[in-house]
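Hello,

Here is the structure we discussed handing over. My notes follow it.

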Amino acid sequence: QNFDHHCPWLGTCVGKRNYRTFLLFTNSLFLHLLMVLYTSLVVIINPGLPFGERMARYPLSIPFVLLAVSLLVFMAQLVFLHWYLVGTGNTTYEYCKNIWTEYEDFSRGPFRKNCIMNLYRLFAYDLSPSVWDRQT
């Protein structure tokens with residue numbers, strides 16, 4: 001229902017039924033990378049120990065900083081794009097294909113509400129039972 005996009009990283013399609021979970025996953029991964037970056041920088045910058053001793057004790061702190069920074073660039077773009085899409089009421093598919101270009105304001109396609117209603121629709125609406133779970 002309401003196909004958004006196929007996520008190659010998760011190996012599944014994202015739509016109405018699992019978009020909340022997708023947002024939770026991407027936001028928690030973004031926060032986790034921020035914590036890894038912060039913790040690694042604290043270890044590197046710690047003035048209590050000489051630099052050589054810190055690197056001998058924690059040899060992976062510099063590679064963690066490099067990895068966290070490179071992944072944070074990607075994750076920040078992903079997280080902020082999806083929050084923008086939630087706010088404008090678009091799907092990733094609509095955004096990439098420019099489906100609503102015939103309308104004056106791309107972010108206000110024919111089925112869009114305001115930002116607050118889009119957030120309400122995402123987080124507060126109960127999902128109807130899955131079509132696949134219904135008894136025949």
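Is Thr26 buried or exposed? Thr26 counts as buried, because its relative accessibility is 3%. Buried means under 20% relative accessible area, exposed means over 50%, and partly exposed lies in between (1.4 Å probe, protein chains only).

Before the rest, the ground rules. This is a predicted model, so local features need pLDDT of at least 70 and side-chain atom pairs count only at pLDDT 80 or more, while totals for chains, interfaces and linings use all residues. Residues are numbered from 1 along each chain as its sequence is written, and side-chain values use heavy atoms, with hydrogens and water left out.

**Overall fold**

The protein chain has five helices and two strands. Their order from the N terminus is β-β-α-α-α-α-α. Helices (H or I, at least four residues) and strands (E, at least two) are DSSP runs, numbered from the N terminus. The chain has 136 residues, and 30% of them count as buried. Its accessible surface is about 9,600 Å². Carbon and sulfur atoms hold 67% of that surface. Areas come from the Shrake-Rupley method with a 1.4 Å probe; for residues, only the protein chains shown count as cover.

Contact means heavy atoms within 4.5 Å. Take the contacts in the chain with a separation of 6 or more: 49% of them join residues 24 or more positions apart.

**Cores**

A nonpolar core is a set of buried Ala, Val, Leu, Ile, Met, Phe, Trp, Tyr and Cys residues joined through side-chain atoms within 4.5 Å. The largest one has 11 residues. They are Phe30, Leu33, Leu37, Ile44, Met55, Val65, Ala68, Leu72, Met75, Ala76 and Val79. Helices α1 (19–45) and α3 (61–88) each supply at least two residues of this core. α3 gives the most, with six. There is a second, separate core of seven residues, including Val14, Tyr19, Phe22 and Leu122.

Within the largest core, look at Ile44. Leaving out residues up to four places away in sequence, Ile44 touches Phe51, Arg54, Met55, Ser61, Ile62 and Val65.

**Second largest pocket**

A pocket is defined on a 1 Å grid over the protein atoms alone: an open set of points where a 1.4 Å probe fits, with protein on both sides within 12 Å along at least five of seven lines. Lining residues have an atom within 4 Å of a point. The second largest pocket has a volume of about 170 Å³. That volume is the space filled by probe spheres set on the points, which are joined across faces, edges and corners.

Its lining is Cys7, Trp9, Leu10, Phe22, Phe25, Thr26, Leu29, Leu33, Leu71, Phe74, Met75 and Leu78. By class, 11 are nonpolar, one is polar and none is charged. Here Ala, Val, Leu, Ile, Met, Phe, Trp, Tyr, Cys and Pro count as nonpolar, Asp, Glu, Lys and Arg as charged, and the others, Gly among them, as polar. α1 and α3 each supply at least two lining residues. The largest share, five residues, comes from α1.

**Single residues**

Thr26 sits in helix α1. Not counting residues up to four places away in sequence, Thr26 touches Met75, Leu78 and Val79. The C-alpha atoms of Thr26 and Ala76 are separated by 9.3 Å, and the two are 50 residues apart along the chain.

Thr92 is in helix α4 (residues 92–97). Thr92 counts as buried, because its relative accessibility is 10%.

Gly89 lies in the loop between α3 and α4. Gly89 counts as buried at 14% relative accessibility.

Best wishes
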